[in-house]
Amino acid sequence: MNIMIVGGGLLGRKTAETLDELGHDVVLIDSSTENLAQLSPDFSGVTSVGFPMDIKSLRSAGIEGCDAVAVATPDDNLNITVGQIAKNFFGVPKVIARISDPYRENIFERFGLQTVCPTNMAGDKLVTALTSPWQSRQVTFGTTTITLLVFPVERRFVGHTTADLELHPGDGLFGVIKDDGTFVLKEAHKEILLEAGDSLVCSRKID
């Protein structure tokens, strides 16, 4: 795939380097030459210096030939603006925007942008690590990685079924680990009764 990463901070550089290692054609654009200079010496992709919101800079970096764009600057407002430009002006098929503020995630989604919220992901992982004996796992299918996340069932859902759950946007329910350690696979059209001590196993696509 031809993929553009907008934003050369820690997250942008890590994403670009990983995609490059996987064999994708990657271009990383950032306004700071210092950020771009911190890329791994093994990075074989293309770098471009330019302001992310400038249409000429994006076009010069090759956005018109991209299959996907990830906007990963630290600025949520900039990310949503650049994401809209990539999706609506340049017609990029897949646009993903980083969002730091989890309370603004719905705003991004109303604009039709897929989001990744490091705050939510880190928070979920901390809660799981603190409260559950079960660890999350990652499974890779080709170039797609799925994380299986384990969450304790919230008290408000005890006594309800899985039909009443409010999952994180983009998550899918894989199954339930019962208090005695038994795993119950979630089947279509069949709900699971949630009891105290149960844990949810949810799937989340991360790339």
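Buried means under 20% relative accessible area, exposed over 50%, and partly exposed in between, with a 1.4 Å probe and protein chains only. This is a predicted model, in which local features need pLDDT of at least 70 and side-chain atom pairs count only at pLDDT 80 or more, while totals for chains, interfaces and linings use all residues. Residues are numbered from 1 along each chain as its sequence is written, and side-chain values use heavy atoms, leaving out hydrogens and water.

Select E195 to start: E195 is partly exposed, with a relative accessible area of 40%. E195 forms a salt bridge (a side-chain nitrogen of Lys or Arg within 4 Å of a carboxyl oxygen of Asp or Glu) with K178, the closest N and O atoms being 3.1 Å apart. K178 is buried, at 14% relative accessibility.

Next, select R204 and D171, a salt bridge whose closest N and O atoms are 2.7 Å apart. R204 sits in strand β11 (residues 199–205) and D171 in the loop between β8 (144–152) and β9 (172–177), 33 residues apart. Strands (E, at least two residues) and helices (H or I, at least four) are DSSP runs, numbered from the N terminus. R204 counts as buried at 9% relative accessibility, and D171 likewise at 13%.

Move to E154, R156 and E166, which a network of salt bridges links.

Finally, show the open sheet of six strands, ordered β3-β2-β1-β4-β5-β6 with parallel pairing; strands pair if DSSP finds at least two bridges between them. Its edge strands are β3 (46–49) and β6 (114–116).
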